[in-house]
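Here's a quick tour of the model you have open. Keep the viewer handy as you read.

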Amino acid sequence: MDITPQKIAFLGLGSMGLPMARRLLDAGHPLTLWNRTASKADALVADGAVRAATPAEAVRDADVVVTMLADPAAALAVADEMVPALRPGTHWIDTSTVGPDTVAALAARLPAGVTLIDAPVMGSVDRAATGELMILAGGDTAPVAAVLDRLGTVTPCGGPGAGAALKLVLINAAIGGVALVAEALTLAGALGLPRELALRTLGAGPLAGAVGRATATGSYFPVALAAKDVALATSSAKLPVLEAVHGLLTADPALLAEDLAAVAR
């Protein structure tokens with residue numbers, strides 16, 4: 001049996017992509033990197049990864065391509081650059097949160113013999129670093145099982161686009177929960193209750209997970225990206241509560257670069 005590590009191209013070295021790429025490099029995969037800000041790859045290149053100047057150069061010899069990009073526009077732009085260089089037999093794993101419509105648009109660009117697995121992840125930078133992400137996979141993951149296993153635990157979701165769809169459901173429930181905790185704390189303050197008392201008792205009930213995320217200190221999920229994820233959801237269905245959450249997230253431009261927990265401070 002061939003146990004040669006698959007050659008991987010990793011595109012997108014933001015707060016999530018960087019620790020994910022690190023895990024693949026540490027597992028012994030030959031790794032080629034591309035990021036719009038090239039210096040983000042410096043530490044990985046120092047440890048043996050190869051830096052590519054363009055997306056096309058990054059993927060040219062890859063067995064597996066992993067993308068972790070900020071939004072649909074970025075995913076489509078990178079796809080336009082790299083798809084012409086993909087070889088038949090290449091497996092492309094998109095871990096970005098872009099929604100099923102964008103996944104369909106990416107799949108429509110593929111040449112014959114190239115497969116796309118939509119595999120967005122749940123978990124922040126701390127879980128990315130330890131390989132404990134929840135990977136929501138649409139499509140056949142068997143050919144890339146060794147790659148995904150290094151990043152986290154795979155939840156099969158169905159056919160292409162199903163992983164992207166479930167990610168919108170889960171992430172919007174999480175964002176909405178944090179927003180609800182923020183309002184509950186505002187109400188507690190208006191009623192003269194100590195913040196710590198409100199947090200402790202909210203955390204003892206069904207909002208325990210949301211309280212944990214609202215008070216997290218080891219995570220980094222920028223408010224701007226949370227707002228993007230909510231906008232993807234509200235463009236798919238009539239969701240008046242999430243529309244209000246989007247208004248909360250975008251009301252203060254100074255918070256957009258902060259972690260989501262900032263809305264509950």
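## Ground rules

This is a predicted model, where local features need pLDDT of at least 70, side-chain atom pairs count only at pLDDT 80 or more, and totals for chains, interfaces and linings use all residues. Residues are numbered from 1 along each chain as its sequence is written, and side-chain values use heavy atoms, with hydrogens and water left out.

## The annotated domain

An unreviewed UniProt entry marks residues 7-152 as "domain: 6-phosphogluconate dehydrogenase NADP-binding". UniProt positions follow the numbering used here, feature names are shortened, and annotations may be inferred rather than shown by experiment. That span is 37% helix and 21% strand, and its end C-alpha atoms sit 19 Å apart. Helices (H or I, at least four residues) and strands (E, at least two) are DSSP runs, numbered from the N terminus.

## Two helices side by side

Take helix 4 (residues 72-82) and helix 5 (residues 99-108): their axes come within 10 Å and cross at roughly 5°. That angle makes helix 4 roughly parallel to helix 5, a label for angles under 35 degrees. Axes here are lines fitted to C-alpha atoms, for helices over the stretch in contact, with angles running from 0 to 180 degrees between N-to-C directions.

Helix 4 brings P72, A75, L76 and A79 to the contact, and helix 5 brings T102, A105 and L106. Contact means heavy atoms within 4.5 Å.

## Strand 8 and its partners

Five of the six residues in strand 8 (residues 133-138) are buried, meaning under 20% relative accessible area (1.4 Å probe, protein chains only). Strand 8 pairs with strand 7 (residues 121-122) in the antiparallel sense over two bridges, where pairing takes at least two DSSP bridges between the strands. V121 has I135 of strand 8 as its bridge partner.

Strand 8 also runs parallel to strand 9 (residues 152-158), joined by six bridges. Here A137 is partnered with P156 of strand 9.

## Two buried residues

T95 is in the loop between strand 5 (91-94) and helix 5. T95 is buried, at a relative accessible area of 2%. Setting aside residues up to four places away in sequence, T95 touches M20, V66, T67, M68, A119, P120 and V121.

P55 belongs to helix 3 (residues 55-59) and is buried too, with a relative accessible area of 1%. Beyond its neighbours within four places in sequence, P55 contacts L11, W34, V78, E81 and M82.

Notes. Angles under 35 degrees count as roughly parallel, over 145 as roughly antiparallel, 65 to 115 as roughly perpendicular and the rest as oblique. Buried means under 20% relative accessible area, exposed over 50%, partly exposed in between (1.4 Å probe, protein chains only).
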